[in-house]
Structure formats: structure tokens, C-alpha cells
Amino acid sequence: LGLEEPLVLFGYDLSGYNRTMQFLICAGGVFLFTLLYGYLQELLAVQLFNRDLALFLASVQFLGYTFWSYVLRTYINMTASNNGSGGAVSGKKAAAYDKNM
């Protein structure tokens with residue numbers, strides 16, 4: 001195995017931790033921010049709109065997710081076709097990811 005790139009999250013270097021602890025820290029961060037996001041979304045729907053526009057807010061959120069998913073998919077397909085690869089991760093990069101697992 002060669003030298004791995006340092007894993008820096010919000011300015012903190014997590015490279016000193018083993019891979020299991022790195023995963024748990026990252027997964028915990030995703031969970032924490034998802035809870036915060038849900039709390040703030042519920043606060044917005046209840047406090048500002050008195051639940052009158054809950055379906056509208058959900059529809060706008062869904063349309064936003066759909067739009068950004070399309071943009072990301074288009075970007076990935078463009079970069080994959082420009083690199084001559086079959087997908088987002090292939091070739092030498094895929095082999096490198098397999099070695100690190």
C-alpha cells in the first residue's frame with residue numbers, strides 16, 4: 001500500500017484514527033446533520049407557515065432534489081465520456097479503491 005491522502009473533516013485531521021473509527025465519525029456526522037436538517041425543516045413548516053403550506057414545501061423540496069440529481073448525473077456522464085471511462089469510478093481508480101477496502 002502506498003501513502004494515503006489525509007482525511008480532513010471540517011479542518012480536523014482524522015488520519016490518525018483507524019478506518020472503522022473514521023467511518024463511524026463520518027456516519028455520525030451525516031446522522032447529526034440529518035437530524036438538524038429535519039428539525040429546522042419542521043420548525044419552518046410549523047412556526048412560519050402553520051402547516052398550511054406543508055405539501056407545497058415538500059413539493060418544492062422534491063423538485064429541488066430532482067433538479068440537482070439531474071445536474072449531477074449529467075456532470076458525471078460528461079466527465080466520464082471526456083475521460084473515456086465507462087463510469088464515474090473505473091480503471092485504475094476502481095482498483096485503488098478495492099485495495100483500500
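The paragraphs below go from the chain as a whole to one pair of helices and then to the aromatic pairs.

The model shown here is predicted. Its protein chain contains three helices and two strands, and these elements, read along the sequence, follow the pattern β-β-α-α-α. Of the 101 residues in the protein chain, 4% count as buried. Among the contacts in the chain that link residues at least 6 apart in sequence, 23% join residues at least 24 apart.

How do helix α1 and its partner α2 lie relative to each other? Two packed helices are described by the angle between their axes and the distance between the axes. Helix α1, made of residues 19-48, and helix α2, made of residues 54-83, have axes that come within 11 Å and cross at roughly 140°. An angle over 145 degrees would count as roughly antiparallel, and α1 is therefore oblique to α2. On the α1 side the contact involves Y37, Q41, L44 and A45, which meet L57, Q61 and Y65 in α2. Sorted by kind, the residues of this contact are five nonpolar, two polar and no charged. An α-helix has 3.6 residues a turn, so residues three or four places apart point the same way.

The aromatic rings come next. A pair of aromatic rings is described by the distance of the centres and the angle of the planes. Searching the whole structure gives two aromatic pairs. One of them is formed by F10 and F33, a tilted pair with 6.0 Å from centre to centre and 45° between the planes. Because F10 lies in the loop between β1 (8-9) and β2 (12-13) while F33 belongs to helix α1, the pair ties together parts that are 23 residues apart in sequence. F10 counts as exposed, since its relative accessibility is 66%, whereas F33, with a relative accessible area of 46%, is partly exposed.

F67 and W68 also pair: their ring centres are 4.9 Å apart and their planes stand at 70°, so this pair is edge-to-face. Here F67 counts as partly exposed, at 45% relative accessibility, and W68 is exposed, with a relative accessible area of 58%.

Definitions and conventions
Residues numbered from 1 in each chain as written. Predicted model: local features only at pLDDT ≥ 70, side-chain atom pairs only at ≥ 80, totals over all residues. Heavy atoms only, no water. Axes fitted to C-alpha atoms, helices over the stretch in contact; angles between N-to-C directions. Helix = DSSP H or I, 4+ residues; strand = E, 2+ residues; numbered from the N terminus. Parallel < 35°, antiparallel > 145°, perpendicular 65-115°, else oblique. Contact = heavy atoms within 4.5 Å. Nonpolar A, V, L, I, M, F, W, Y, C, P; charged D, E, K, R; others polar. Phe/Tyr/Trp six-rings, centres within 6.5 Å; stacked < 30°, edge-to-face > 60°. Buried < 20%, exposed > 50% of the residue type's maximum accessible area, 1.4 Å probe, protein only.
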